[in-house]
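Please consider the protein chain shown here, together with its sequence.

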Amino acid sequence: MWGETALGLVFALFLLTIWQKRSLTLFGTMSAGVLGTLIYVWTSWPGTAALLIFFISSTALSRLNRQEKVQRDSWQVWANGGPMLLFAALYSAVPWEGFLAAAVGAVAASNADTWASEIGRRFGGRPFHIRSRKQTENGWSGAVSTVGTLGACGGAALIGGAVFYLSEELGMFMLVSVCIAGAGGCFIDTFLGAYAERINWCSECKSYTEAEVHHGRKTIYASGVSWMTNNAVNALSSFGGGMIVTALYAALLFSF
Ligand SMILES: [Zn+2]
């Protein structure tokens, strides 16, 4: 009980800090609070630790690349955390360890994507675009670099490793599955980013962007699948990470 009260206080203080530092909008902060609370209720420690590592490391890494601060909104919070919440809800309904591991895998895929793009952007040089098969400018979805790929593996392995260390019920099979989910989620992200993601036009700076608002102005549709926004790509790749873990656990279940 005391432990939970202390944890709640630390979490509230953490949210207050990220809101105060303008890393998240007000609604984004409230969404993160709801998400964190539900994850704790439904998965206890394993999921909560995984989610906290994602929150803290992605907030810290986003500082690598931006001088001006970009506030994340509630849509971005749910795009990255919603799939995890879905698997956590499944686990609370059906307490099968595969769903718990899938919740960890979903957030590990989100973390892998974030680490890949932030570390790749900062240290990866000019990335290679998988559709045009050419080197491209930094920061585009659909582009990969060796350093970014290593970052993705690190982001997933950190989450899998922390849960492996903290959890009594999830063992080595979870760790391996979560690392595979991280790599798989990143692949889905890159593939959708290259072939489907919506590209917009900013009339202010006369350039293409994935952002919905650029230079303080709403951008207009230019190409790609109109609903496949960056948030949709992130949600699908995180969900894909969770599905990979579910499939691996199901395969294990039926192999005996
Ligand atoms: Zn612009």
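The model is a predicted one. A compact globule of 256 residues would have a radius of gyration near 18 Å, and the chain agrees with this expectation because its own value is 18 Å. Along the principal axes, the C-alpha atoms occupy a box of roughly 55 × 45 × 30 Å. Buried residues make up 44% of the 256 in the chain. Among contacts between residues at least 6 apart in sequence, 71% connect residues that are at least 24 apart.

The secondary structure consists of eight helices and eight strands. Which of these elements build the interior? The largest nonpolar core contains 57 residues, and those with the most contacts inside it are Ala103, Val104, Val107, Ala108, Ala156 and Val178. Two or more residues of this core come from each of α2, α3, α4 (74-93), α5 (97-123), α6 (146-166), α7 (172-195) and α8 (230-254). The greatest contribution is that of α5, which supplies 14 residues. In soluble globular proteins, nonpolar side chains tend to be buried together.

Apart from its neighbours within four places in sequence, Ala103 is in contact with Thr43, Gly47, Met84, Phe87, Ala88, Tyr91 and Gly242.

The strands also deserve attention. Strands of a sheet pair through backbone hydrogen bonds, in either a parallel or an antiparallel manner. In this chain, three strands form an open sheet in the order β2-β1-β3, and their pairing is antiparallel. The edges are β2 (134-135) and β3 (143-144), each of which pairs on one side only. Strand β1 (residues 128-129) is joined to β2 by two bridges in the antiparallel sense. Within this pairing, His129 stands opposite Lys134 of β2.

Finally, two loop residues have a backbone angle worth noting. Arg22 is located in the loop between α1 (2-20) and α2 (26-43). Although Arg22 is not a glycine, it has a positive phi of about 60 degrees. Is Arg22 buried or exposed? Arg22 is exposed, because 11 other C-beta atoms lie within 10 Å and the limit for an exposed residue is 12 or fewer.

The loop between α2 and α3 (45-62) holds Ser44. Ser44 likewise is not a glycine, yet has a positive phi of about 60 degrees. With 15 other C-beta atoms within 10 Å, Ser44 counts as partly exposed.

Conventions: Residues numbered from 1 in each chain as written. Predicted model: local features only at pLDDT ≥ 70, side-chain atom pairs only at ≥ 80, totals over all residues. Pairing = 2+ DSSP bridges. Helix = DSSP H or I, 4+ residues; strand = E, 2+ residues; numbered from the N terminus. Rg over C-alpha atoms; globule rule 2.2 N^0.38 Å. Buried ≥ 20, exposed ≤ 12 C-beta atoms within 10 Å, placed from the backbone. Contact = placed C-beta atoms within 7 Å. Core = buried A, V, L, I, M, F, W, Y, C linked by C-beta atoms within 7 Å.
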